[in-house]
Amino acid sequence: MMMKHLLVSFPLLGLLLMSCGAAFKSATITYDSISVKDSCVIKAGEVLGDYKLTFDYPTSGTEEQQTWIRQWLALETVDCADSIAATPATTAKAYKAAADKVYKGKLDDMKAMAAFASKAYLTQYKKENEDFNYASNYSSDKNIRILFNASNLITYLTTSYNYTGGAHGSSIKEFNSFSLTDNKVLTLNDMIREADQPKVRAMIIAGLQDYFEIKTFNELKNQLMVAEGCDTEQTIPFPIGNPGLTKKGITFTYGQYEIACYAAGMPEVTIPYKKIGLYLKPDLQLLLKDYLQK
C-alpha cells in the first residue's frame, strides 16, 4: 500500500515519522488512520525512549459526531480518556471540556494530534530521567483502532504495550463503544439492564471457566486474586473497563492483575448476542437488531 510520510522535528526529540493509511468504508461512517513513530535521546549515542502510535479517526458522519470522537481521541492518545470514562460523565460534553484543557490544536489536523501525543510522551520521559545517572529504557506501542462499525454504533479497541524498566512491560486492552444517536460512550449500565446484570455475571463466570480451562467455580476461585467478599458467584466483579460491542457479541476484558496474576494474561469473555440479547436495554436492542437476529 502506498504511504505518504511526513518528517517533523521537535527540540530534544528524535525523528518523527508519520503515515496516513487508506480510508475504510462502512454503512455508517468512513474512517482513516494515521501512525507516528518517534524516539528521544538523553545520553549521547543512546536512544532510550521509543514511541509508536496508530489510531483511526472518522472522516464522515455529522460534524458533531466527528468532533466529539476526535475530542475523545485527543484524550485517549495521551492516556487521559480513562479519567472521563471512569465517571458517569461519558457524554460528548464531558469529553469536550476535558479535551479543551489537554489539547490546544485543531481537531481536524490528525498529524498535529499524533505529533502532540508523541511529544507529550517523550518530553515526560526525558523529564523523569534526565537527572538520573542511569536512565531506564522506555518504550510505548499504542493502537487505537475501530473494531466494530455498525448502524449508529462504533467500538474502538485500544491496545498498548509499555515498558518502563523492570522484569517485564505492561499491556492494556480496553473497549470504548460509542452511540452516535446520543453522543455517548456506553458503559455496562448503558448496555445491560441492572436487574439482569446477575444473569450476565453468571455468563461471565462460565466464560472465565472456559478461559482457564476448568470446570467448576471452586477451581475458578483458586485462579483468581480478588478481595475477600468478591469471590462468590454473586459478587465476582465485572471488569473495570467498559464492555465492548463486537460483531460476535459483547466482550468483557479484565486487565493485567485485575482479577488474576500476571501469568494469567488479560482474561476475556465474549458473550454471543443470541445469549445476551434479551438482557440488553431496549434502545441498544434496536441498534443491534441485525446482529441479534443472527
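## Basis of the model

Helices (H or I, at least four residues) and strands (E, at least two) are DSSP runs, numbered from the N terminus. The structure is a predicted model, in which local features need pLDDT of at least 70 and side-chain atom pairs count only at pLDDT 80 or more, while totals for chains, interfaces and linings use all residues. Residues are numbered from 1 along each chain as its sequence is written, and side-chain values use heavy atoms, with hydrogens and water left out.

## The loop residue Q256

Q256 is located in the loop that joins strand 10 (249-253) to strand 11 (268-272). With a relative accessible area of 18%, Q256 is buried; buried denotes under 20% relative accessible area, exposed over 50%, and partly exposed in between (1.4 Å probe, protein chains only).

The side chain of Q256 reaches the backbone nitrogen of S171 at 3.0 Å. This is a polar contact, defined as a pair of N or O atoms within 3.5 Å; within protein, one must be able to donate a hydrogen and the other to accept it, and residues adjacent in sequence count only if both atoms are side-chain atoms. Apart from residues up to four places away in sequence, Q256 touches S170, S171, Y262, G265 and M266, where contact means heavy atoms within 4.5 Å.

Most residues other than glycine have a negative phi. N183, although not a glycine, has a positive phi of about 50 degrees.

E213 belongs to the loop between helix 6 (197-211) and helix 7 (217-223). Its relative accessible area of 74% makes E213 exposed.

Three strands form an open antiparallel sheet in the order 9-10-11. Strand 9 (244-245) and strand 11 are the edge strands, each pairing on one side only. Two strands pair if DSSP finds at least two bridges between them; strand 9 and strand 10 run antiparallel and are joined by two bridges. L245 stands opposite I250 in strand 10.

Helix 6 lies across strand 10 and strand 11, and runs at about 125 degrees to strand 11. Axes are lines fitted to C-alpha atoms, for helices over the stretch in contact, and angles run from 0 to 180 degrees between N-to-C directions.

## Salt bridges

Side chains of opposite charge can pair when their charged atoms come close. A salt bridge is a side-chain nitrogen of Lys or Arg within 4 Å of a carboxyl oxygen of Asp or Glu, and by this rule the count comes to five. One of them joins E268 to K173, with the closest N and O atoms 2.8 Å apart. Because E268 lies in strand 11 and K173 in strand 7, the pair ties together parts that are 95 residues apart in sequence. E268 is partly exposed at 26% relative accessibility, and K173 is partly exposed at 28%.

R193, D196 and K199 are linked in a network of salt bridges. R193 pairs with D196, the closest N and O atoms being 2.9 Å apart, and D196 also meets K199 at 3.4 Å, N to O. D196 is buried, with a relative accessible area of 9%, whereas R193 is partly exposed at 29% and K199 is partly exposed at 43%.

## Nonpolar cores

In soluble globular proteins, nonpolar side chains tend to be buried together. A nonpolar core is a set of buried Ala, Val, Leu, Ile, Met, Phe, Trp, Tyr and Cys residues joined through side-chain atoms within 4.5 Å. The largest such core has 36 residues, and those with the most contacts inside it are F55, I69, L73, I154, Y156 and F178. At least two residues of this core come from each of strand 3 (31-41), strand 4 (47-58), helix 1 (63-76), helix 3 (92-102), helix 4 (110-129), strand 5 (138-150) and strand 6 (153-163). Helix 4 supplies the largest share, seven residues.

Leaving aside neighbours within four places in sequence, L73 is in contact with F55, D56, Y57, P58, M113, I144 and Y156. A second, separate core of 35 residues includes A150, V200, F217 and Y254.
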